[in-house]
Every structure is written in C-alpha cells, then in structure tokens.
Amino acid sequence: MNEKMNETKKISFDYFVESYQACADENIKAEYLKDNLKIVTTYIPFNAKKACSESILQSSCVTTPSENQMDIKIDSCTKYISYIFTLIMVYTNLNISDIDISDGYDKLLTTGLSGIIMNKIPPKDKEEFDMVLQMVTEDFIANHCSTFSCIRTIMNQLLNSINAIEKTTKTKS
C-alpha cells in the first residue's frame, strides 16, 4: 500500500456517519465529505486482495459437522456485506473495527453514503479486487463443494475404513 495511508488519520465509522447526518444541507455534507472522507490508497497489492478475499469468504462460510462429514454453506448476504466493509477498510480512512456490520450497512444505505464511498474507490483496482474475490470463491467451491470434492472425501473415508479394518485383522491374527 502506498505511503499516503500512513499520513491519513483513521476516523470511526459511526462518528463519520453521525457527523455526516448532522450536516444541515447538501453543501455542508459535500464539504464534510471533502474534508473527512479520504482514499488512503489507489492500489491494493495482489496478495493483499487475495488475503482479504479469503477472509471475506471465511467470514461468510457456515460449517456444521455432521456424521462423518462437514457441511459447508456460503452465506451470500454476509459475503456481500463483508465485501463492502472490506473495501471501505482497505481503501478509506474509516475505522470499521468496532461496528456491527449489518447495522453499519443499513446506515450506509439510509444516508446515501454507500454509493458515495464506493464511487470514490479506484474503479480499475476495485474491478481487480472483484475478480480476485470471484476466483477465491470459485476455488473454494471447486475444492470443497464440487462433485469431485465429494467423491474424493468419500474415497478418503473409504480408504481410512479399509486401513482400520486391515490393522484390526492383522492384530487379531
């Protein structure tokens, strides 16, 4: 990330939204945004995009162990909200660490800040971020939820059972 990030002070998301809402008219709101909403970087390195994408996906996966297997479900709503707040966190000076993301998302929409903030994020880099998130999601599905993955899991369980039976029969002989 570039050096500009180090010199820009982070401000609380809630404080930012509340202060924006307190502005009396559109001119004051525009001035408030100009003075307080900063893009801290115009480029996120590829490996950082990949790590953020993996974190987004991890936060939106629900895994429930059941008999002899693990059920994995992706919560697309949580994935989307996590994506929005990840973009805000990495590209802007807003500190989102202490918020409830569902409530925060509602605040973004009801104040109109969602579109304003998203439009400030560099489009080409956001496009690449979107592509990386899509690739990470596709890889996860292929590696954990595809037919091949299910067959591989069943085959591994079968081989483990055969090996256990083989060990048991050898010790009894």
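1. A patch, as the word is used here, is made of residues with over 30% relative accessible area and no salt bridge, with nonpolar side chains joined within 5 Å. In this predicted model, Y43, F46, M131 and M135 make a nonpolar surface patch of about 380 Å².

2. Helix α4 covers residues 46–59, and its geometry can be checked against its length, since 14 residues at 1.5 Å a residue should span 20 Å, and the C-alpha atoms at the ends of α4 are 20 Å apart, which agrees.

3. Which residues of α4 are buried? The buried residues of α4 are K49, C52, S53, I56 and L57, and, seen down the helix axis, they fall within an arc of 135 degrees, so they line one face of α4. An α-helix has 3.6 residues a turn, so residues three or four places apart point the same way. On the face of α4 turned away from this buried side are the exposed residues N47 and Q58.

4. As for the cysteines, C52 counts as buried at 15% relative accessibility, and C61 is likewise buried, with a relative accessible area of 18%; both values fall under the 20% cut-off. The disulfide count comes to 0, where a pair of cysteine sulfur atoms within 2.5 Å would be needed for a disulfide.

Methods
Residues are numbered from 1 along each chain as its sequence is written. This is a predicted model: local features need pLDDT of at least 70, side-chain atom pairs count only at pLDDT 80 or more; totals for chains, interfaces and linings use all residues. Side-chain values use heavy atoms; hydrogens and water are left out. Patches are made of residues with over 30% relative accessible area and no salt bridge: like charges are joined within 9 Å, nonpolar side chains (Val, Leu, Ile, Met, Phe, Trp, Tyr) within 5 Å. Accessible areas come from the Shrake-Rupley method with a 1.4 Å probe; for residues, only the protein chains shown count as cover. A salt bridge is a side-chain nitrogen of Lys or Arg within 4 Å of a carboxyl oxygen of Asp or Glu. Helices (H or I, at least four residues) and strands (E, at least two) are DSSP runs, numbered from the N terminus. The expected span of a helix is 1.5 Å times one less than its number of residues. Buried means under 20% relative accessible area, exposed over 50%, partly exposed in between (1.4 Å probe, protein chains only). The arc is that of the directions from the helix axis to the C-beta atoms.
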